[in-house]
Amino acid sequence: MRDCAIIGGGFAGLTAALDLVKRGLDVVVLEARDRVGGRVENGVLDDGQYVELGGQWIGAGHDAVKELVDRYGLHTVGLPNKGNLVVRLRGQNLEVPSGDDGPALSPFEVSDLGQGLLRLRRLAQRLRDDPAWSASNDAWLRQDLRRWIQTNLRTQGAQLRFIEVYSAAFGPMSRTATLLEGLHQVNSGPDLESMLASNGGLNQRRVEGGMFEVCRAMAADLGDVVRTSSVVDRIEHGERSATVVLTDGTRIEARQVITTLPPRLAMKMTYDPPLPQWRTETAAKVAAGNVIKAFLVYEKPFWRDLGLSGQSSADEGSVRVTFDTTTGDDERGLLMGFFEGADADSLSKRSITLRQRSFVDSVVRTFGDVAAKPIDYIERDWSAEPFTAGCHGAHFAPGVWTTNGPVLAEPEGVLHWAGAEYSGRFNGYMEGAVRSGLDVAAAVARNCA
Ligand SMILES: Cc1cc2nc3c(=O)[nH]c(=O)nc-3n(C[C@H](O)[C@H](O)[C@H](O)COP(=O)(O)OP(=O)(O)OC[C@H]3O[C@@H](n4cnc5c(N)ncnc54)[C@H](O)[C@@H]3O)c2cc1C
């Protein structure tokens, strides 16, 4: 019998496995796909260049991931900060200086922005610390987040940069985002003020070769501990051990089991005996988000000749944010964007040609006709992936994390839970996944001692 069976070879599973192996435990990682990495994946273009189809950016405070990047001798690069950001609001295109190109905002706007971020952080703290206040202000907390920004920040420059920093930290702000959702994000994500203080608010870095290289190196370190193409569909658990059953009938006995699937997906496996009802009900409330990550490939990064950074943010269109993800050794230009929420829902049922056309329509409105003729297109629809079923991460409905989040991560006898969605800090991020992998490994090691 093994000490521990880990289900899932994403960042959480690989981190837990490395930690347990280092402690001398006998571990197996069972990964359904034919590769490790989970929501971190490289795609390859026809000229051999890679694109990052899943998790890509790390930022302020992502120290556990940074430690792995350093451990494996990999290097990070920042966003190409040259050029202006394009913000498209109510049909008008505004160019906002970003990064190294000098102060984007006047001192008055900077002060306005600082006050706004401070107000948001104080509200987030109150939400966390004062349940009675949160309950009695429930209706007010459910107001439109954009309306709150307009009411609480006086200058348009600060309002735009606020949305930009927020989107860089938590992903694009949806049209239906409420103040309450924003406050939950602030409580679980990176510190917005420190993001703003460094690199014009977009202190995002990616790994040369792709974040997938980190997962590949971790798996190489683990060797035959990792078994790919191993789909788990049943866990029989007792007081002292459990048996993990694969779809091909293979049975693996272990003293402890760690499941690293997003909460809803984890509930799709069969548990014998069944899990308590509160756990399945809570997991059902943690719906996965819906994002299609897509790339348009151009003969060259044309936006640079126009004095633009390739970064854009719009209040309409099926792709509302873009980033320049051109790699250093590629002469071609790579523009990355996200289809999100309702747009992703409806377009995921349509053809890839239609999605490409829809992305092109959006960027033509932002960058002009020069964006009309990409030479290639590549995408990953994470909701269509059976072993992920949605992304970036799961979405906690208001109140679900505060009331049930921490208990959701509590073990159930010999069954442990880990993954980006179980982390109290950087929930939904690679950093959260790695931190929860470390936490769960410590708990399993204590039980095995
Ligand atoms: C498009 C996109 C962009 C993102 N961008 C960022 C970003 O820029 N920065 C950031 O920090 N985060 C980002 N994220 C989020 C980040 O990728 C995830 O939070 C993180 O990778 C999750 O790691 P995990 O180990 O918790 O889960 P996963 O990576 O989901 O790992 C779970 C593993 O379990 C496996 N599995 C599923 N079912 C079974 C089964 N039945 N049997 C066996 N194995 C199974 C899966 O194949 C998977 O490998 C992004 C995610 C997406 C999809």
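Where in the chain is the place of Ala 32? In this predicted model, Ala 32 sits in the loop between strand 2 and strand 3 (42-44).

**Annotated positions**

- According to the unreviewed UniProt entry, the annotation "binding site" covers Glu 31, Ala 32, Val 232 and Glu 421, and the annotation "binding site" in the unreviewed entry also covers Phe 338.
- If neighbours within four places in sequence are left aside, Ala 32 is in contact with Ser 229, Ser 230, Val 231 and Phe 387.
- Val 232 belongs to strand 10, which is made up of residues 232-237, and, with neighbours within four places in sequence again set aside, Val 232 is in contact with Ile 7, Leu 30, Val 244, Val 245, Leu 246 and Met 269.
- Val 232 counts as buried because its relative accessibility is 9%, and buried means under 20%.
- Phe 338 is found in strand 18, which covers residues 333-340, and Phe 338 likewise counts as buried because its relative accessibility is 12%.

**The nonpolar cores**

- The largest nonpolar core has 41 residues, and those with the most contacts inside it are Ile 6, Phe 11, Leu 20, Val 27, Met 211, Val 214 and Ile 258.
- At least two residues of this core are supplied by each of strand 1 (2-7), helix 1 (11-22), strand 2 (27-30), helix 2 (63-71), helix 10 (212-222) and helix 17 (430-448), and helix 17 gives the most, with eight residues.
- This core also draws on two domains, taking at least three residues from each of domain 1 (2-38 + 212-286 + 397-448) and domain 2 (57-63 + 73-80 + 205-209 + 290-384).
- Leu 20, one of the residues with the most contacts inside the largest core, touches Cys 4, Ile 6, Leu 25, Val 27, Ile 258, Ala 441, Val 444 and Ala 445, when residues up to four places away in sequence are not counted.
- Another core, of 26 residues, lies apart from the largest one, and among its members are Ala 5, Leu 261, Leu 265 and Leu 275.

**Ser 312 and strand 16**

- Ser 312 has its place in strand 16, which consists of residues 308-314, and this strand is mostly covered, since seven of its seven residues are buried.
- Ser 312 is itself counted as buried because its relative accessible area is 6%.
- The side chains of Ser 312 and Thr 322 are joined by a polar contact of 2.6 Å.
- Beyond its neighbours within four places in sequence, Ser 312 is in contact with Leu 85, Val 86, Arg 320, Val 321, Thr 322, Thr 366 and Phe 367.
- Strand 16 pairs with strand 17 (residues 319-324) in the antiparallel sense over two bridges, and the bridge partner of Ser 313 in strand 17 is Val 321.

**Gly 116 in helix 3**

- Gly 116 is placed in helix 3, which covers residues 107-129, and Gly 116 is buried because its relative accessible area is 0%.
- Although Gly 116 and Ala 158 are 42 residues apart along the chain, their C-alpha atoms are separated by 8.6 Å.
- With neighbours within four places in sequence left aside, Gly 116 is in contact with Trp 148, Leu 153 and Phe 162.

How values were computed
Residues numbered from 1 in each chain as written. Predicted model: local features only at pLDDT ≥ 70, side-chain atom pairs only at ≥ 80, totals over all residues. Heavy atoms only, no water. Core = buried A, V, L, I, M, F, W, Y, C linked by side-chain atoms within 4.5 Å. Buried < 20%, exposed > 50% of the residue type's maximum accessible area, 1.4 Å probe, protein only. Helix = DSSP H or I, 4+ residues; strand = E, 2+ residues; numbered from the N terminus. Domains from an automatic or database assignment. Contact = heavy atoms within 4.5 Å. UniProt positions renumbered as here; feature names shortened; annotations may be inferred. Polar contact = N/O pair within 3.5 Å; in protein donor to acceptor, adjacent residues only side chain to side chain. Pairing = 2+ DSSP bridges.
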